[in-house]
Amino acid sequence: MLNPKRKILMIEEDRFLRKIYRDKLTKVGFEFLEATNGEEGLNKIIDEKPDLVLLDLILPIKNGFDVLIDMKANKNTQNIPVVILSNLAQESDIKRGLSLGAKDYLVKTEISLSQVVDRVKEQLVKT
Amino acid sequence: MVKYNFQKEDFSNNLYKERPKISEVISIVAHQLRHPLSVIKNYLEVLMLEDLGKINPKQREYLSDCLENVERMALNVNELMSISLIEEGRYELSLKLLSLEDLTEEIVDELALWAKASNCELSFQKLEKRLPRVLTDPIKIRMVLENLISNSIRYKKAGQGKIEIKVEQSGQEVMFSCKDNGIGIPKKDFSKVFSKFYRSEEAVGIDPNGAGLGLYINKAIVELSGGKIGFSPNKGFGMTFYFTLPIVKEK
């Protein structure tokens, strides 16, 4: 059984997307944390040790790829699973994201909110 | 406060000096449109799942219509993205070995219901002998197959439509063909068929919403996979569209 109060950190600039994910993920029982840019996101990863990070790639200050690189270089954060949720849909972006250590790569326009929740749960079961 | 790390000077120095290429403009516009579209799609989904309370059947119908239109717009935006990437030479395929006949069968099954509802007889007979596999992008070649078969269903003449799909070996290639008895394409337009935004007058009459990008994108996908795409008018009515993909020798 999943621990219902596991922490999800969403790093996403768009407030509308943060709002709907906050509502959805809290509704299904997660604790929801959020950050609006890559730098704030990385700080929260270090301070809050979330159980999973939902990461956008096009972000102010520090982009998502750099967030991934930095968290993988830190032994305290390198094992936290990351699911990329981005609008970048080119094969090279997907390959890059996965090769940097993301567990899953989801394209925003191609996936529904409930499917994202399922994929998040799938990753948490594995950890 | 959040600050973006672009420099003001960068912006003013380049402004007006260089005209951006149209493909760049398309790419930027498409990127900008994708984001709000995914937001709207998510919000509609939450309403329809009744996360925020019950909705009545009429409200459900309206929300479902909204979702259908958002999805159509997302498809158009994706097509625009593909166009700009093709024009910039940055359109990428992720090549994998696949069986074109299996994929065709899958898509024919998926489109069967729509074909039937549109009074179209859609037939595909798999050959007894297995065909060699081809190297192409499974997701993108699926788009090509869906597009070619959907075109035949959508642009049918009044009365019963008839569509014959074949996948066969032709020398060192596997050839897919889709023969219909639909409205066809006027001879004067033959040279424009694979140009972007081309739509025949009759096609516009049947479906005013199409963008005329499907065949252009199909051509890029087939050619980037090392194949060829073409068409020939049928005796009587309709067209046959075909494409080939090279056979890869497997150990």
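Chains are lettered from A in the order in which they are written, and residues are numbered from 1 along each chain as its sequence is written. Because this is a predicted model, local features need pLDDT of at least 70 and side-chain atom pairs count only at pLDDT 80 or more, while totals for chains, interfaces and linings use all residues.

**View 1. The helices and strands of chain A.** Chain A has five helices and five strands, where helices (H or I, at least four residues) and strands (E, at least two) are DSSP runs numbered from the N terminus. Along the sequence these elements follow the pattern β-α-β-α-β-α-β-α-β-α. Of the 127 residues of chain A, 36% are buried, a word used for a residue with 20 or more other C-beta atoms within 10 Å of its own, the C-beta atoms being placed from the backbone.

**View 2. The helices and strands of chain B.** In chain B there are seven helices and seven strands, and their order along the sequence is α-α-α-β-α-β-β-α-β-β-α-α-β-β. Buried residues make up 28% of the 251 residues in this chain.

**View 3. Helix 3 of chain B.** This helix (residues 57-87) has 31 residues and reaches 45 Å from its first C-alpha to its last, close to the 45 Å expected at 1.5 Å a residue, where the expected span is 1.5 Å times one less than the number of residues. Its buried residues, among them V77(B), L80(B) and I83(B), pack against helix 2 and helix 7 (214-224) of chain B. Helix 3 of chain B is followed by G89(B), whose phi is positive, near 70°.

**View 4. Helix 4 and helix 5 of chain B.** The axes of helix 4 (residues 100-117) and helix 5 (residues 138-154) of chain B come within 10 Å and cross at roughly 35°; axes are lines fitted to C-alpha atoms over the stretch in contact, and angles run from 0 to 180 degrees between N-to-C directions. Residues including L103(B), I107(B) and W114(B) in helix 4 meet residues including I141(B), L145(B) and I149(B) in helix 5, two residues being in contact if their C-beta atoms, placed from the backbone, lie within 7 Å.

**View 5. The contact of chain B with chain A.** This contact takes 18 residues from chain B and 19 residues from chain A. On the side of chain B that touches chain A, helix 2 (residues 22-48) of chain B gives the most, with ten residues.

Note on methods: Buried ≥ 20, exposed ≤ 12 C-beta atoms within 10 Å, placed from the backbone.
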